[in-house]
Amino acid sequence: MAEQRFEERVEGSVEERFGEFVAVRRHEHGHVAELVLDRPKAMNAVSTDMARSIGAACEALGADASVRVTVVTSSNERAFCVGADLKERNSLTDAQLVRQRPTARAAYTGVLELPMPTVAAVHGFALGGGFELALACDVIVADATAVVGLPEVSVGVIPGGGGTQLLPRRVGAARAAELVFTARRVEAGEARELGLVDELADDAREAALALAARIAANSPVGLRAAKRALRLGHGLDLRAGLEVEDAAWWSVAFSGDRAEGVAAFNEKRRPEWPGE
């Protein structure tokens with residue numbers, strides 16, 4: 001089913017809707033986009049329709065070369081995202097669940113595979129699939145209200161949006177096992193200590209957007225190549241990782257951004273990135 005899409009201007013940005021529950025705001029200054037989870041009445045529980053919209057929004061963002069950083073935010077005052085819509089899941093037959101799985105999976109891989117740097121702004125609950133959406137981002141900024149966790153085994157399933165693979169890459173295998181096996185929720189302070197989130201701020205969204213603006217001041221070609229090197233090289237032995245890095249270096253070495261960056265440095269001015 002095709003996503004309903006339309007645009008409107010919102011607070012100095014252009015907002016594009018993807019179905020009922022997801023919006024993308026492209027800010028007029030700074031090349032930053034927000035992917036807004038916007039199902040507030042359900043605390044952003046990810047239904048099939050919402051998952052489809054997340055995937056479509058990520059496809060559109062990935063194709064937009066003008067976006068240098070994407071920030072994942074929530075319109076709900078109490079939650080970033082509480083995970084899968086279990087009320088919907090309870091109504092699905094086994095055959096319907098089989099058909100729904102690729103749509104659900106595409107939402108998480110859509111965020112994970114965005115080619116530009118991504119920042120999650122976590123306010124309130126980020127549980128199950130909600131925390132997996134945050135884990136799919138490169139950096140997680142949270143505020144004091146944040147409560148994160150992967151409680152799936154408490155309802156008879158496992159993290160299925162990347163959690164069993166992304167969490168140990170953040171905190172190590174033993175810590176990830178403890179968190180997944182106990183299904184416990186972790187509040188903001190401990191989450192920061194354990195590395196479940198990267199930064200605590202008074203206002204997660206504002207801090208995430210400020211971080212995104214700092215990132216977006218840099219070369220879009222360089223940012224995307226650096227992300228590829230970081231992601232593809234992770235977990236490889238050093239020699240293989242250095243080959244990944246070398247391939248990424250060659251992809252930018254003769255770019256317009258590299259020429260402009262070196263010229264701007266020598267001329268003591270801010271670069272005007274061509275983005276190519």
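Start by selecting strand 5 (residues 69-74) and strand 7, which run parallel and are joined by three bridges. Helices (H or I, at least four residues) and strands (E, at least two) are DSSP runs, numbered from the N terminus, and two strands pair if DSSP finds at least two bridges between them. This is a predicted model, in which local features need pLDDT of at least 70 and side-chain atom pairs count only at pLDDT 80 or more, while totals for chains, interfaces and linings use all residues. Residues are numbered from 1 along each chain as its sequence is written, and side-chain values use heavy atoms, with hydrogens and water left out.

Now show the side chains of strand 7 (residues 118-122): five of its five residues are buried. Buried means under 20% relative accessible area, exposed over 50%, and partly exposed in between (1.4 Å probe, protein chains only). In a regular strand the side chains alternate between the two faces of the sheet. In strand 7, Thr 118, Ala 120 and Val 122 are buried on one side, and Val 119 and Ala 121 on the other.

**The nonpolar cores**

Select Phe 80, Val 122, Phe 131 and Leu 167. These touch the most other members of the largest nonpolar core, which has 50 residues. Such a core is a set of buried Ala, Val, Leu, Ile, Met, Phe, Trp, Tyr and Cys residues joined through side-chain atoms within 4.5 Å. Helix 1 (residues 48-62) gives the most to this core, with eight residues. Apart from it lies another core, of 16 residues, among them Val 69, Val 119, Val 141 and Ala 208.

**The open sheet and the cysteines**

Move to the open sheet of four strands, whose order is 6-8-10-11, with mixed pairing. Strand 6 (79-81) and strand 11 (186-187) are the edge strands, each pairing on one side only. Strand 6 runs parallel to strand 8 (residues 125-127), with two bridges between them. Cys 81 stands opposite Ala 126 in strand 8.

Stay on Cys 81, which is buried, with a relative accessible area of 0%. Its sulfur is 12 Å from the closest cysteine sulfur, in Cys 137, too far for a bond. Then pick Cys 58, which counts as buried at 5% relative accessibility. The closest cysteine sulfur to that of Cys 58 is again in Cys 137, at 8.8 Å, too far for a bond. A search of the whole structure finds zero disulfides, a disulfide being a pair of cysteine sulfur atoms within 2.5 Å.

**The hairpin**

Select strand 2 (residues 13-18), where five of its six residues are buried. Strand 2 pairs with strand 3 (residues 22-27) in the antiparallel sense over six bridges, and Val 14 stands opposite Arg 26 in strand 3. Three residues lie between the strands of this hairpin, in which Gly 19 takes a positive phi near 65°.

**Helix 11**

Finish at helix 11 (residues 256-266), whose buried residues are Asp 257, Glu 260 and Ala 264. They cover an arc of only 65° around the axis, which puts them on the same side of helix 11; the arc is that of the directions from the helix axis to the C-beta atoms. On the other side of helix 11, Phe 265 and Asn 266 are exposed. Just after helix 11, Lys 268 takes a positive phi of about 55°.
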